[in-house]
Number of protein chains: 2
Amino acid sequence: MSAPPSAHPPAHPPVQSPTHTPLAGGPTGPPALRPLLGTVLTALTTGASDRPGPLPAGGPARTTAQLNKAAQPLFPDTGTGPHEALRTLVHALAAGAADPAHPHCAAHLHCPPLAVAVAADLAASALNPSMDSWDQAPAASALEEALTRTLAAEVFPQAPHPDTLITTGGTESNQLALLLAREKHGGPVQLVVGANAHHSLTRAAWLLGLPEPVVVPAPNGTLDLAALDEALTHLHHPLLVAATAGTTDTGQIDPLPDIADLCQQHDADLHIDAAYGGPLLLSPAHRHLLHGLDRAHTITLDLHKLGWQPVAAGILAVADSTALRPLAHQADYLNADDDTDAGIPDLLGRSLRTTRRPDALKIAVTLKSLGRDGFAELLERTLAAARLLADRIEKHPGLELYDRPTLTTVLFRPTDATDDDVAHLRRTLLTEGRAVLGRTHAAGRLWLKATLLNPHTTPEDLDALLDLTCTHHTPAHPERPHHR
Amino acid sequence: MSAPPSAHPPAHPPVQSPTHTPLAGGPTGPPALRPLLGTVLTALTTGASDRPGPLPAGGPARTTAQLNKAAQPLFPDTGTGPHEALRTLVHALAAGAADPAHPHCAAHLHCPPLAVAVAADLAASALNPSMDSWDQAPAASALEEALTRTLAAEVFPQAPHPDTLITTGGTESNQLALLLAREKHGGPVQLVVGANAHHSLTRAAWLLGLPEPVVVPAPNGTLDLAALDEALTHLHHPLLVAATAGTTDTGQIDPLPDIADLCQQHDADLHIDAAYGGPLLLSPAHRHLLHGLDRAHTITLDLHKLGWQPVAAGILAVADSTALRPLAHQADYLNADDDTDAGIPDLLGRSLRTTRRPDALKIAVTLKSLGRDGFAELLERTLAAARLLADRIEKHPGLELYDRPTLTTVLFRPTDATDDDVAHLRRTLLTEGRAVLGRTHAAGRLWLKATLLNPHTTPEDLDALLDLTCTHHTPAHPERPHHR
């Protein structure tokens, strides 16, 4: 049924005019953005208030149904206009979020971003510089250079020519480290990793066409030195050892100085995945935990973990900038020789990506805003929360603590629980929308994992989290056919 | 000199209180964000007004000096607080931007993002979902699924089980396509590319440890069919041909149906890099230019080019979802078998990255806001601007047009210019802050390249761009020692 002809203007005016599809940049960008951002903030508020806790109740089926109800049709013939699209989809996203700003959202290395970092990230989106050539990012490339120089000096204070690259996260940093080792040695390098290392290292070896990594046991959560020594004695060179400063499962730190000694003795390169623990460098109180870090050739860091950045804020640090030479790359439209000779910076060798968002901006704004004192303070608060949680668990008659935390990961379980009970309890908390906890196998058993990354978590929040855990634990549950 | 003791409260209050380092999420996030976003919008405005045109005057040296003046110290002992950090750094970034929203910023596939997409992206930053597990992104993962299903049906309307992945851009999409081909054939696949193909394909072969690609000539800007036939006849299998729908240099589209025929005859797989041209699928008026596209096994698309998204918004489409099986990946903390059996979605096989930003949100909000009509309208406007620019150049006595544009890339040069003059002219426009134009070698000569991506560019803007070009061209310039 078609609409009757009418003298009135159409309800949906055509979008021909720029005022109906404004751009984010230029002088008209900010006034166009302002009301849209207002709609977003309102939708974030209404969405969060729809959630009973850190995530929606009802589990995957209900969340997906709610999302689709709001989202469909995703691509209508006639658009809804920006406010309606933002209102419905942002509300649905917020209502269905596992919000890391909620103190009971503590499963993963999934941090609550600081408001200042998120605000800075808006400018990156609006100006949309692309980091693959100077003429797409004149100031943004200079800012990235200033930031990467600053970070390199923090990570390798003794090295004459350190450097850092900005990446999409620890996974890409690990990938790049392995690639640089492959290219340095001009062929298949043998990766040696602990059983406690992040899965992305093994995946990177596969991606890069390298031999299957040799896995050294880590029976107590850190790489076993005798086993590493043994492995390095018998393997063919070239060798790259990857150690971990802050494991995903327990937050432990490998014995870095000893590993560095073994690498030196056996002429193996050393990479350290400090995606989680790396920011402790900025804490005068805890820096000692990373002793030996700067003996690595390459280091993975990641400020979207213990750095409160929105994704992505990965970093790869290299002790010597010449290690980055294999990334040098020529594409005439981006870095023609005569342009480079004429002084136009060549940015292509700073990433394997081509178009690239200026993630440096939010990091730089955060560092400048907080300063060293402010950043260290956030670190201390977060680490203190983890220690306090461990204290409370140790004193709790119904709970067992795996070990004192090194970083901010605390493993625990109800004393009378089976592994199935622990897995079930975690899923119950998730599907009822009450808490987001992780899971880890350690010492032959399954544990609940709290990865605390919220610097504003209070003692009351931690008590409430433990209460929730105890309340929802139904010991020695027999069969649960509806869940298996 | 230390400050004298004082009974007044300290000028820099300690940051212990959450109110000094607010988070972006939760119920307190939006009120904390609001004033910070105000500061960002003001800094974007003042920064843009500092620029004389689409980019700063003075070239790299001056831009870098200005940026450093604003940015340093980047990591002070005591922080500046959020407003000061945002004000200084966002202003510097805007003042030193090559702003794609300015109609004279037209060098690259570097689009001006829509305000609605940028506003949506703020919500992604604030909620910070991570796409590697359901319990970090309950609604965001459902939204990504809805979007990728929608896009897959657009790209492969006839295929029973198409799928798409969200990537960081065309480069990662091309990399993934090559990886999937390698894994499908269980070993070194021989990549065959046109001389007109994007450099990321060759780089991907290097990354993945594959043989050096065979390069087929593209003397007229598109892949030569006879040469491709010849190459496919003599090369060893397995073979992957990569064709291009929208080349970076000229925006031309390879003869897709003929290439698909040759691939079929020679039992070669077909990948099409449609990073630039792909969105024409959504234009009823221009869809025919992509005839044959859906005969590919894999297709690269990229909505941060002709889709007005802030970076990143890459897509890889596969004709058959089983092609994605090699990406299946297990990490117990993210997708334990018993959790997957209990109905918790497993997201790890959707990317090579682990932590991943929900770029699906801004894309989905844009599609819903614009609808098909609105999106097609923006495409038509942008393509019309390119045709109009070509018209103007054809009629201009002082300018030569390379060819009529297929997409939105227009190559031209002053009639009496040498190649050195053209390169010099481009750099002059850049360093004076007047226009951002690209460069391309074609038909043995160097051309200025205008890549039009701004749907609101007016005829007057185009005339002014040509005037600028003519005014700044100093013909038959002899030696320029200061530039070489």
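**How the two copies meet**

Me: What makes you say that the copies meet through the same surface?
Reply: Of the interface residues of chain B, 100% are also interface residues in chain A, so the copies meet through the same surface. Residues are in contact here if their C-beta atoms, placed from the backbone, lie within 7 Å. Please keep in mind that this is a predicted model, in which local features need pLDDT of at least 70, side-chain atom pairs count only at pLDDT 80 or more, and totals for chains, interfaces and linings use all residues. Residues are numbered from 1 along each chain as its sequence is written, while chains are lettered from A and ligands numbered from 1 in the order in which they are written.

Me: How many residues does the contact take from each chain?
Reply: It takes 149 residues from chain B and 149 residues from chain A. On the side of chain B that touches chain A, 82 are nonpolar, 45 polar and 22 charged. In this count Ala, Val, Leu, Ile, Met, Phe, Trp, Tyr, Cys and Pro are nonpolar, Asp, Glu, Lys and Arg are charged, and the others, Gly among them, are polar.

Me: How do you know that the copies are related as by a two-fold rotation axis?
Reply: Chain B is superposed on chain A by a rotation of 180 degrees with 0.0 Å of shift along its axis, and the RMSD is 0.0 Å. The two copies are thus related as by a two-fold rotation axis. The superposition is by least squares on the C-alpha atoms of residues with pLDDT of at least 70 in both copies.

Me: Which residue of chain B comes closest to the rotation axis?
Reply: That is B:Leu208, with its C-alpha at 2.4 Å.

**Buried residues**

Me: Why is A:Ala275 called buried?
Reply: A residue is buried if 20 or more other C-beta atoms lie within 10 Å of its own, exposed if 12 or fewer, and partly exposed in between, with C-beta atoms placed from the backbone. A:Ala275 has 32 C-beta neighbours inside 10 Å, so it counts as buried. You will find A:Ala275 in the loop between strand 6 (269-273) and strand 7 (298-302) of chain A. Leaving out residues up to four places away in sequence, A:Ala275 touches A:Gly170, A:Gly246, A:Thr300, A:Leu301, A:Asp302 and A:Lys305.

Me: What makes B:Leu293 count as buried?
Reply: B:Leu293 has 25 C-beta neighbours inside 10 Å, and therefore counts as buried. B:Leu293 sits in the loop between strand 6 (269-273) and strand 7 (298-302) of chain B. Not counting residues up to four places away in sequence, its contacts are B:Ala245, B:Leu256, B:Ile272, B:Ala274 and B:Ile299.

Me: What makes strand 2 of chain B mostly covered?
Reply: Five of the five residues of strand 2 (residues 163-167) are buried. B:Asp163, B:Leu165 and B:Thr167 point one way, B:Thr164 and B:Ile166 the other way, and all are buried. In a regular strand the side chains alternate between the two faces of the sheet.

Me: Why are strand 2 and strand 8 of chain B called a pair?
Reply: Strands pair if DSSP finds at least two bridges between them. Five bridges join strand 2 of chain B to strand 8 (residues 314-318) of chain B, and the two run antiparallel, so they meet the rule of at least two bridges.

Me: What span does helix 13 of chain A reach?
Reply: Helix 13 (residues 419-431) of chain A has 13 residues and reaches 18 Å from its first C-alpha to its last, close to the 18 Å expected. Just after helix 13 of chain A, A:Gly433 has a positive phi of about 75 degrees.

Me: What is said of phi in A:Asn128?
Reply: A:Asn128 is not a glycine, yet its phi is positive, about 55 degrees. A:Asn128 also counts as buried, because it has 32 C-beta neighbours inside 10 Å.

Methods: Helices (H or I, at least four residues) and strands (E, at least two) are DSSP runs, numbered from the N terminus. Two residues are in contact if their C-beta atoms, placed from the backbone, lie within 7 Å. The expected span of a helix is 1.5 Å times one less than its number of residues.
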